[in-house]
Structure formats: structure tokens, C-alpha cells
Protein chains: 2
Amino acid sequence: MFYKLENGLSVYLFLKKNLPLVSITMVYGVGSFDESKQEQGVAHFLEHMMFKGSKNYSLGAIDLFSHVSGGENNAYTCKDYTAYYHLLPKDSWQEALLIEKDRMINLDLKQGEFDSEKQVVIEELKMYQDEPQEILYDSMYESLYSKSGGYFHPVLGYEKTLDDMSLEIMQGFYDKYYNPSNATLILIGDFDISSAKETIKKELSKFPSKKIARSTNIRTYDLSDRKLIKEMEVEYPNLQIGFPSCGFSTKNYALSNVLDEYLSGGKICRFYQILCEENDLVNNVQSFCDSQVEGGAFFFNFELKDIKDSSKVLTLIYQELNKMLEGAFNKEEFEIAKTKALSNFYMEQEKLDDYTMSLIPFTFYSKNGEALSEYQSLEGLFKDITESDMKSFVCEYFKPSMQVLGIVKDAEDEIPNIFLWEDMK
Amino acid sequence: MFYKLENGLSVYLFLKKNLPLVSITMVYGVGSFDESKQEQGVAHFLEHMMFKGSKNYSLGAIDLFSHVSGGENNAYTCKDYTAYYHLLPKDSWQEALLIEKDRMINLDLKQGEFDSEKQVVIEELKMYQDEPQEILYDSMYESLYSKSGGYFHPVLGYEKTLDDMSLEIMQGFYDKYYNPSNATLILIGDFDISSAKETIKKELSKFPSKKIARSTNIRTYDLSDRKLIKEMEVEYPNLQIGFPSCGFSTKNYALSNVLDEYLSGGKICRFYQILCEENDLVNNVQSFCDSQVEGGAFFFNFELKDIKDSSKVLTLIYQELNKMLEGAFNKEEFEIAKTKALSNFYMEQEKLDDYTMSLIPFTFYSKNGEALSEYQSLEGLFKDITESDMKSFVCEYFKPSMQVLGIVKDAEDEIPNIFLWEDMK
């Protein structure tokens, strides 16, 4: 069930009573998307600070609570939202609610903790920048989206902006976005609905709402630089292709999952067959649709055996993309992709934490609290998708003129012969 | 429900209908325990060969089936048993049954595949031997158990015995142990009991049983060398303490899980508090009870900050062990350990594959097919364990005279001052 408290807090309560466990998650509708230039990285940095103490829960108290209750807790920040999560034996979720209440309204941002955590966050950024795929992922967004829009910059921010960030900037960000009208509480598992409603009302309805004008930082493209060459120490060169993609919708989510399975869901998939099995040019293939609330990107990632093969690999990829634009799908593989997308959908519901994470995007998308029914409608969508649906989807999002191409190579590697889709001879 | 076919195959059928998924597992009551000297490593090597083709499923066919069905499959070998596992959408489990039938009776061991897979298995052994904890784990068993018993040698075998192994040895091992009277089929998930019974009878009851005299290779100790020093490239030295432990029983399983949580289940646990927080000598602490059907070992593992601290660390550990022999448990931490063991028990039931793996040891232990009720009785056991139960358990298994001590150090490190529990001043 879904309802809103008078102060604007959205509440979802879903029963799943097969085990005496409850997952409780507070999601804030704020992520790196909402950051101004000087705030870049603050959403993620603030997520770290949410564990450093609030009025009634001092440093370490949240992890101690999880440990003592036999539970787990975690948090993560993405471009559109920030989620704080607990998995607990059924009798302990009320305490987690008090924790989330306290750090929503009583966070205690201290200069000393801020300074030391800044180093941790910068360290995390540096580790992330050791991964060629992550480098390309961030570069793709920087290349696809214009600087004035919220999707341009990386969730973790930049070392420079983090260095320059002040406690005041963070406090302002927290005050603006961390309040009930910008938050969604999700409870899934084995609990009593009516007493949960009562507890939530008692604890969370008393503090007032603030109206938030969320940034209208929508997608704008700036494709002036579409070929990126990065250098770092890598065993194998990494090639990535990106297209700006749809904003999140249930149908697009279903289509992009099936497409993802079709192209790179395993060894009998299209790109694996062509690039690894038939031509032995590539070690592995990944694809994923990184749908955000307002837009996103569809990525393909290839680990090349040899940089010298770049143009052969690109030719084979573009040929396959051309076939898809014409709607020429391999029928058998297409049916397998649908089956796999459907079984992934079932398997992600096995664990309460996976299930919650899968539901969150639907809570942003669904206008009338229909997140669960939107999510459940995926079962039918996965079964019913046709090749013609897929052709329309591909034609809408795989536009040669919107392609960005990136490669990460070793400093010693030759400069590869890379070219864009529309430039294929 | 539990029943046996006339040919001796044990069958467990457990319904769990919350998602349209089925897990199907064939477990053979054979592992490294049953290997003669020249067979060392064959159980695990044979597990690899079970994917290389049988009469009706050629090389690659099993993975292809999983992919096409949207499922997963895997296998693993331990000291006592070997398990072959599929997780599938509900309508596909019958095909997995045909696969397991075919490779139980029609495995096609080919010399060429045997030779090339031997290199893969030896490579796996070498990778495993790069891990200091794994080196110590194997050495502990070699030091605790006598050479004549089945628990002495590592599951993966030795490079020498693998090198010398022939296809004939493997064929003999397969013929002896892979048959219905030595196998247990476990089906968990959303299926129809009566049609499952019919299908299983139709497919699996027709081939005859062979009687197996399983080796009476029981536990015998040989503690002539109780201090082990190993050298390999390590960032931090690794210290391990082992005691031979109980054979598997439900109550001992409950007790060892609680003890494990008490000693090293997280940052507020005994060993972490003493060695990491209060004295800053150790980076991290692990413990686990490695219960086999007939015996096993309880292990503690410590990553030391500095080899120079070895004797300080040992003194602190032995002091804590002494307190436990006297039944002096920290009451609050003991209650937390019980809560954590109980919630781990619930969480391991979330996914069908975790749940199946947890149940398997109970299928060996329970004499009348009571595996599920034995497993479910853990809920009460975790709640009811007293400090006095724990004292008895500790006194039975933590005998100073049965301790083995191992350390892995860098070649450049000084030789550490290590001493046994009974030699503490």
C-alpha cells in the first residue's frame, strides 16, 4: 500500500511474510543530478556523513544497532537519489525508523568529522578512477550531457570540488533536500500493517514539511566531442560505446533489460558470438541501460584482446547495430533474452534487499504510488515483448548521430584507428 | 517430504511457493574423504569432468540449457560430498533432472578432455595456494589428522597426485560412487509434489543400485607437529589456531555458529575488541567451525599488523580461551551472538540456492530423512542456548593438548616467537 503523511513523506508498505525479516529504506529524491557546480560530489559525501552522528545517535551507533539486532545496514548515492537501508529481524525495524527520523531532522555535521571524511571520500574517488570501465563510464556522461545539466558530472564529484567543499555547502544541501516532502519510506517484509502505520504516524508526522523546488536541471546534450581516448595502465584496452537513453519508464525498463540480455547476457548472445566466438577479437562484452529519472545512457563495453583490432571490432559492432535498426533480430536468441530477463526479475525478488533496490526507481516513476503494480507488470511485459517493440526502441535510442565512443589504452599502445558509426565505410 | 526409491536414491521435496523458481540439486555422498592415496584430488577433478559430456548431453550442453532456460547451475566438492546444483524458472526443472540422470549413469570420460581439464584443475590448485589463509587451512588438517584418515589431505589434492592421475582411476571412482544408492536429490521451490514424484520415479527408478561400502576412513589424530611456520609473499602475517572439532550434529552446529559470532562476528566481538580495538595488534579476526560428517576443525584466523607482536597476540588469545573454559562469557555479547546466529539463519533462507546449501549437511546427518525438521529446529536452538551449554561445548572441543598453531610469514620477516596454549607462562 501507498500513502502520504501530511508533511509530504511518501510511505510504501509491502508485506512479504515468508521469513521473519523486514527491510526498511529511506530514499531521498536527491543525488548528484541536483548539485550545483560547487556542490559536485556533496550528495555522496553527505551520505557518508549521515553515519557520523545525529542528536540521538552518536558516531558508530547505527552500525552498533545493526550488529546488536542481528541486522545489516547500508546506503548508496546515485545520480537521482540517495537511499539508506536496513535489513532486520522483524522485531527491530521500529528502531531503524527512529534512526532514520533522527538523521533526517537532527544530523550533527561536525567540522572534524567533515575534514577527516573528506579524505575518505577522495580516496574512494581515486580507487574508482583506477578502473578503466569506470573512467569511461564517467567520461561518457561528460561527453553526452552538457555541462549545464545535472547528469554531466560523476556522482563522486571531482577531487578539486571535493577539496574546496565546505561544511556550510553541505549543511545547505542537507537543509534543502533532507526533509519529509522529499523522502520516501519503504517497508517490505513481515510486519503488521496497522501497527506500522501507527508507529510511522507517531514518529514521522510531527515535523513540518519544507517545499522543495527540485532543480529543473533536465537533460541537454552536448555532443561536440564524440571520440575519447584515455590513457592508463591496463592489461587489455577497453572500448565503450554510449548513447543517451530514455528516462525511466516501466516499458523502457523491460525493453532495455531484454535488449541487454540479447546483446551480452552470456556466451550465446549476439555480441559475444560475433566478437569472441567467431572472430576472437574480444575477451568479454557487457551492456547496460543506465536509466535515470530524466534520461540516462545505454552503454556497451568491450575488453579488446589487442588495440590493433579496434577498427575490425567497430566494424562488426556497427554491422550488428545496423541489423537491429532494421529489426533483424535472431529469433531464437530473442526468445532466450526474454526468458532470461523474466527469470532475473524473479531472482531479484528472492532477497529483501535486492527486491527493495529494484523497486526504488519505480517509486520515482509512478505518479500515484503505483510502484509495486508497475514493478509487477514487468512479468507480463517481459513475456509479451515483440521484435517490433524492440525495433522501435532501438530506432528511438540508437541514433548514429548520438553515439559517443571511448577507448582506454596503455600509454605504450599505438593510437587506435577508431571511427564513429556513421563514418563506417 | 522425504522418501527413497527402491534403488536407494534419497529424495527430498520441499515446497516454497513464494516465487516461480525451483532449485534442484543432486548430492553424492563422496568427497576427498573417500579418496585413496593415488586418488587424492579425484573427487574435485571428477566434478569438473561432469560438465564435459555424457551420452545425451555433449560438452557445453549443460551451460547452454541453463542459459536458454534463464537459470543457473553450479557444482562444488568438499571433504564429504559433491553437489550439482540448478536454479531455474519453475517449468524447467524436469530437464535438469534428465541432465543429472544422464551424468549419473552415462558420463562419457574422454582422454582428451581429461588431459586438458587436468591442467585447469592444477591451475586452480595453484591459485588457491597463493592465499595464505588457504595454505594454513590445508596445513591445519594435515597437522591435526593422521595420514591414514580421509580428512588429512586437501580437497583439491596435490600437484603430484593430480599429475599422476589416470583416466582409469577416475573411471573407477565414478563407477564406485556415482549411483543412486549414494545420491540424494533435493528439490525446493514452486512445483507440484505429485507430478514431481511421478517424474522422478519415471526417470530415476529404472537403473539398478550398486551397494557401496563407503570407506571407514574415520578420524584419527596425529598431533606430532603442532607448530607450523610457512613462508610466502604476504602483506601481513597470518596466524591460525585450530582444534579438531565435533562431527556434524544439529546442536553442535547451533553452538558452533553462536560461538563463531561471539568470538569474531563483528567489531564488538570478543577477539576483535581485545586484539584490534584495545591493543591494536591485529587487522582482522575470523573464526569458523568446519564441521564434517565425521569430524572437522574449529579455526581462528588473525591477520597480524606485525610479526613482532606474535607472542603478545597469542597471550591475549590464550587468556580469552582460558576464560571460556571457565564459562566466563560476556553476557551481553553472548546474547548478541545468539541474535546474530538466528538472523543469519533467517537470511540464509532468502535465496533458494543458499537455502539448499545450508540444508545439505542435514541430509547426511539425519537418519530418517528428517533433514528439514532438523534444520528448522535450529530456530529454537539458537534462542535457547545457555552459557552453560557453551561452556560444555568449549570444554569438549578446545583442549589445549589438541591445539595446532600455524603462521604464514614473509621470507624477510624474523622468525616469530610462537608457543602453544599449554606453554603460556
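## Relation of the two chains

In this predicted model, chain B can be laid on chain A with an RMSD of 0.0 Å by a turn of 180° and a shift of 0.0 Å along the axis. The two copies are thus related as by a two-fold rotation axis. Superposition is by least squares on the C-alpha atoms of residues with pLDDT of at least 70 in both.

Of the interface residues of chain B, 100% are also interface residues in chain A, so the copies meet through the same surface.

## Helix α7 of chain A

Helix α7 of chain A covers residues 167-177, and its residues A:Leu167, A:Ile169, A:Met170, A:Phe173, A:Tyr174 and A:Tyr177 are buried (under 20% relative accessible area, 1.4 Å probe, protein chains only). Seen down the axis of α7(A), these buried residues fall within an arc of 160°, so they line one face of the helix. The arc is taken from the directions from the helix axis to the C-beta atoms.

The buried residues pack against β3 (21-28), α1 (42-49), α3 (93-105) and α4 (111-128) of chain A. Helices are DSSP runs of H or I with at least four residues, and strands are runs of E with at least two, numbered from the N terminus.

## Helices α1 and α4 of chain B

The axes of α1 (residues 42-49) and α4 (residues 111-128) of chain B come within 10 Å and cross at roughly 120°.

In α1(B), B:His44, B:Phe45, B:His48 and B:Met49 meet residues of α4(B), including B:Phe114, B:Val120 and B:Val121; contact means heavy atoms within 4.5 Å.

## Basis of the model

Residues are numbered from 1 along each chain as its sequence is written, and chains are lettered from A in the order in which they are written. Local features need pLDDT of at least 70, side-chain atom pairs count only at pLDDT 80 or more, totals for chains, interfaces and linings use all residues, and side-chain values use heavy atoms, leaving out hydrogens and water.

Note on methods: Buried means under 20% relative accessible area, exposed over 50%, partly exposed in between (1.4 Å probe, protein chains only). Axes are lines fitted to C-alpha atoms, for helices over the stretch in contact, and angles run from 0 to 180 degrees between N-to-C directions.
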